[in-house]
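Subject: Structure handover

Hello,

Here is the structure you were going to look at. Please open it first, then read my notes below.

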Amino acid sequence: MSQRQSKSEEAGSRESERRHTILRAAIDVFARKGYHGCRIADVAREAGVAYGLVYHYFKNKDELLETVAATGWSGFVTRLRAVAEDEASSLEQKVHGIAAVAFEAYRVDPRAVKVLILEIARSPAGGHVVTRQQAFLDTIRMAAQMFARAQAEGQLRAELDPMLCASLLFGSIEMGLTAFVSGLMEDRGPEALARAQTQIAESFLRGVLPTVEVAPAAKPKVARRP
């Protein structure tokens, strides 16, 4: 490898690291102050960089919010798709798996999930995010296909609409997470999150499975910090 190529790769790595630092700072400020209360100067201060450097990577606050949405949503959808398209799992297992993906996202990065729900999905500020509606609709359609396949296999009540099932499932998950990110749930510890995850999945399943007898789910594993 030539010296020039090595320097170029090193510079590229620094650029990527700075961009990530600014994006992480934006998530923290959006979560703390909300979209309308956030200023570019706040993001620069949080990231520990010069005010003008933020504009080197993002042209304005709207682009910052849109990048947060695109980054957070893409990883989430990839994990959901892996669950929904797993041919070896039953519908019941998939519903529990989808709830687990959503709540794991909150456990790992609660501030990012707060921004995705309150500042992008629910706030008028999220209207600036041009990919918001399309990304959400694509996720619902993916889940609807999962329910349609399950219905064809007799795992879903025949009279139910798969698209409505998908909408209801994600609506339940979103509202459950909203209770945590908005502070309605005072206990936000691992055990409380595990109980909520199970309650949402089992409450949904009792309304869609061909029989009302839903086998109790195994107690969710709670990650213990070393």
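Start with the contact between helix 4 and helix 5. On the helix 4 side are F76, R79, L80, V83 and A84, and they meet K94, G97, I98, V101 and A102 of helix 5. Contact here means heavy atoms within 4.5 Å. By type, the contact residues are seven nonpolar, one polar and two charged. Ala, Val, Leu, Ile, Met, Phe, Trp, Tyr, Cys and Pro count as nonpolar; Asp, Glu, Lys and Arg count as charged; the others, Gly among them, count as polar.

A word on the source. This is a predicted model, where local features need pLDDT of at least 70 and side-chain atom pairs need 80 or more, while totals for chains, interfaces and linings use all residues. Residues are numbered from 1 along each chain as its sequence is written, and side-chain values use heavy atoms, without hydrogens and water.

Now the geometry. Helices are DSSP runs (H or I, at least four residues), numbered from the N terminus. Helix 4 covers residues 61-84 and helix 5 covers residues 91-108. Their axes come within 9 Å and cross at roughly 165°. Axes are lines fitted to C-alpha atoms over the stretch in contact, and angles run from 0 to 180 degrees between N-to-C directions. The two helices are therefore roughly antiparallel (an angle over 145 degrees). Their crossing is right-handed (the near helix is turned clockwise from the far one by less than a right angle).

Look at L80 in helix 4. Is L80 buried or exposed? L80 counts as buried, because its relative accessibility is 1% (buried means under 20%, with a 1.4 Å probe and protein chains only). Leaving out residues up to four places away in sequence, L80 touches I98, V101, T139, M142 and F170. The C-alpha atoms of L80 and K94 are 9.3 Å apart.

T71 is also found in helix 4. At 46% relative accessibility, T71 counts as partly exposed (between buried and exposed, which is over 50%).

Helix 5 has buried residues too, including L91, V95, I98 and F103.

Next, a second pair. Helix 8 (residues 162-181) and helix 9 (residues 190-208) have axes that come within 11 Å and cross at roughly 155°. That makes helix 8 roughly antiparallel to helix 9. This crossing is right-handed. Among the residues that meet are L168 and I173 in helix 8, with A196 and F204 in helix 9. The contact residues divide into 11 nonpolar, two polar and no charged.

Best wishes

Terms used. Angles under 35 degrees count as roughly parallel, over 145 as roughly antiparallel, 65 to 115 as roughly perpendicular and the rest as oblique.
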